[in-house]
Protein chains: 2
Amino acid sequence: MVKLFEKGLPEKAVLRKLESKLKQDFTYSSGRILGSMCTRPHEFARYVHMKCLEKNLGDPGLFCAATQLEQEAIGMLGSLLSHPKAYGHIVSGGTEANILALWAARNLAKNKRHEVVAPVSAHCSLDKAANLLGLKLIKVKLNDRFQMDIKEAEKTVTEKTVAIVGVAGTTGLGAVDPIHELSEIALAHGLYFHVDAAFGGFVLPFLEELGFNVPDFDFRVPGVCSVTVDPHKMGLAPIPAGGILFRNEEMMRSISTSVPYLAGGGTDHTTILGTRSGASAITVWGLLMHLGRQGYRGVVGRCMRLTSKLVEGIRQINGISLKTIPTLNIVGITSNELDIELVAGELRRMGWAVSLFSSYIRVVVMPHVRLSHIEHFLEDLKGTVEKLGG
Amino acid sequence: MVKLFEKGLPEKAVLRKLESKLKQDFTYSSGRILGSMCTRPHEFARYVHMKCLEKNLGDPGLFCAATQLEQEAIGMLGSLLSHPKAYGHIVSGGTEANILALWAARNLAKNKRHEVVAPVSAHCSLDKAANLLGLKLIKVKLNDRFQMDIKEAEKTVTEKTVAIVGVAGTTGLGAVDPIHELSEIALAHGLYFHVDAAFGGFVLPFLEELGFNVPDFDFRVPGVCSVTVDPHKMGLAPIPAGGILFRNEEMMRSISTSVPYLAGGGTDHTTILGTRSGASAITVWGLLMHLGRQGYRGVVGRCMRLTSKLVEGIRQINGISLKTIPTLNIVGITSNELDIELVAGELRRMGWAVSLFSSYIRVVVMPHVRLSHIEHFLEDLKGTVEKLGG
């Protein structure tokens, strides 16, 4: 238990203390973090972020330029997701974005409907959103490609349903739900339809440009009301930087809170946060401006090439297999012979920070991962499987 | 409408664009921002923040040290608020903190109670929290010292009440509600009692140390279940840095969401955000370590001396008066003769970013404000009043 001292320590003493403590943390540069959807922020992003640390988007009248840059960033994200006129915000992350979407759905419904239909693969932020908003999340099973089962989804929609959530790039395996089919169900029943593309939103458009066969998942699909897309995942922005895009202003306005007293003049907030980081939004603007489609395509292309290396390597190890063919730079490793939890435990003991799901290990090949890291990991994985198998 | 370019711009071109745009924004260093509760972050805070930009508290197993430093920061804030063993988090701001408190209150109640009793002076984040959580905020009128009226509060509590919220440092006038009396009502009815000290929490303890007569508002008061205290207001930390402290673990755990799959191992989140800034928490830790009570006392003392200067100046201007004697570094300026909205409008045209409430102008004497700014402002205020009065 640390108490607030009467007399503070000199800056250098604080930094010494800090540096010695922070040695315990994993770092992205070590290549050991293979199970996170976050990564080392782009150097240029760090620089821009630092310059703008005092900007507060909660008081847009004081920071008009920052506010305009946020809206330009939303325009750029909108153009990436086939709707340059989308409304929205750079928010604190995918969780805030998903809550905002379900909050809008609930407020727009203006009735007693309170069930949300989502796949079992939906991110736990949707459980959180449902608890917060007093909604009930009904989880639909997956088909053999780990997408929401459409027949089941259809059966699950009732007169109590207020919204459907589809995922474009699931947390576990990077699967993309059948967004067109879900859109049709939503349109047929007049339901709000949200797409959680927190991870996939910064990958799928570039995969499409690279010639991959990518299903529509964004505002091209007519029933889609809102999309979550997180710059602080594959967008290379520092935390916090999530994104929420709404198809129209009415949807965004449904969650509005009036803030009349601000120094910059009265306004309405349509985010959960009040005071909020202008640095985050401007950094996203700066990164999108600097990297362009070409830059992000390069990043995504490189991650996918390393993903292929990893996939090839896994196929050459007896005793383990792929959970499914990866759609994105997310790889699930499973086994029919070994207890995958034991494999994960052994890998963790060797210093690999991988994710463990109920029947597989997840590796996310983020931009901080290099070929040498993948090769080293495959060696240790092979050794572990041989050890546990023998 | 700005679309994502195919080819990005060089860093220098982006920075040129950025710098030219940002000229429109107000800056704290100009001294023109006199109506915000935010301020220029401390230089040391900027440095620490920058160093820790990749830390993610959403995955504590990866960032054990960052997580430990967050808990040390909570310990220090707890010791500041008379409960060194408080549970809590460095969160995105006062809004998240207030939502977490009401969310806990609602979840702990496990019944149909859904009304929250708060003063009319409560911050609009409580309206937002109520809307989000499906609660009804019942607002109690104020006494002549702009505090929640206790008799009215008592009458407003019914079998539908789930929580009471008191404010220690209201947004408008910096008033401190009668926390002891509200605590007694809460205890008598078995209600959750939250104190919003987003602003006052970093001022009142230091005022007490400086010899001011400060009423108890923190965990010394037995019925207090949770306190909001924001480092990104008077704590000199960069945005985002709010604080929520709970009296015990059970309260915090009532809003827990399980996150089993993380690279650093499964955990529970007890914040709204999932992925969240480690830089924010570490920066708060660093600032508290570096400034100590002495450092903050200096900051608060200086703000209060300038507040006195402002108060004296206002008293010497015919036609305007103080809305009330300031408790904190927040000053309300009103008039019996002039339309205060016109005065505010004129001041804003002259470049002063002041806040406008329904019957008064609010000035917050934050750490970025200097004596020369106050003197200049008083001159312009006097000129405006004379102009409008004549």
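B:Lys55 is buried, with a relative accessible area of 7% (buried means under 20%, exposed over 50% and partly exposed in between, with a 1.4 Å probe and protein chains only). The model is predicted, so local features need pLDDT of at least 70 and side-chain atom pairs pLDDT 80 or more, while totals for chains, interfaces and linings use all residues. Residues are numbered from 1 along each chain as its sequence is written, chains are lettered from A in the order in which they are written, and side-chain values use heavy atoms, without hydrogens and water.

What does B:Lys55 pair with? Its side chain meets that of A:Asp25 in a salt bridge of 2.9 Å, N to O (a side-chain nitrogen of Lys or Arg within 4 Å of a carboxyl oxygen of Asp or Glu). This pair crosses between chains, from the loop between helix 1 (11-22) and helix 2 (43-51) of chain A to the loop between helix 2 (43-51) and helix 3 (64-80) of chain B (helices are DSSP runs of H or I, at least four residues, numbered from the N terminus). A:Asp25 counts as buried too, at 6% relative accessibility. Over all chains, the count comes to 36 salt bridges.

Within chain A, A:Lys233 and A:Asp230 form a salt bridge of 2.6 Å, N to O, and both are buried.

Turning to the symmetry, chain B can be laid on chain A by a turn of 180 degrees and a shift of 0.0 Å along the axis, with an RMSD of 0.0 Å (least squares on C-alpha atoms of residues with pLDDT of at least 70 in both). The two copies are thus related as by a two-fold rotation axis.

Terms used. Helices (H or I, at least four residues) and strands (E, at least two) are DSSP runs, numbered from the N terminus.
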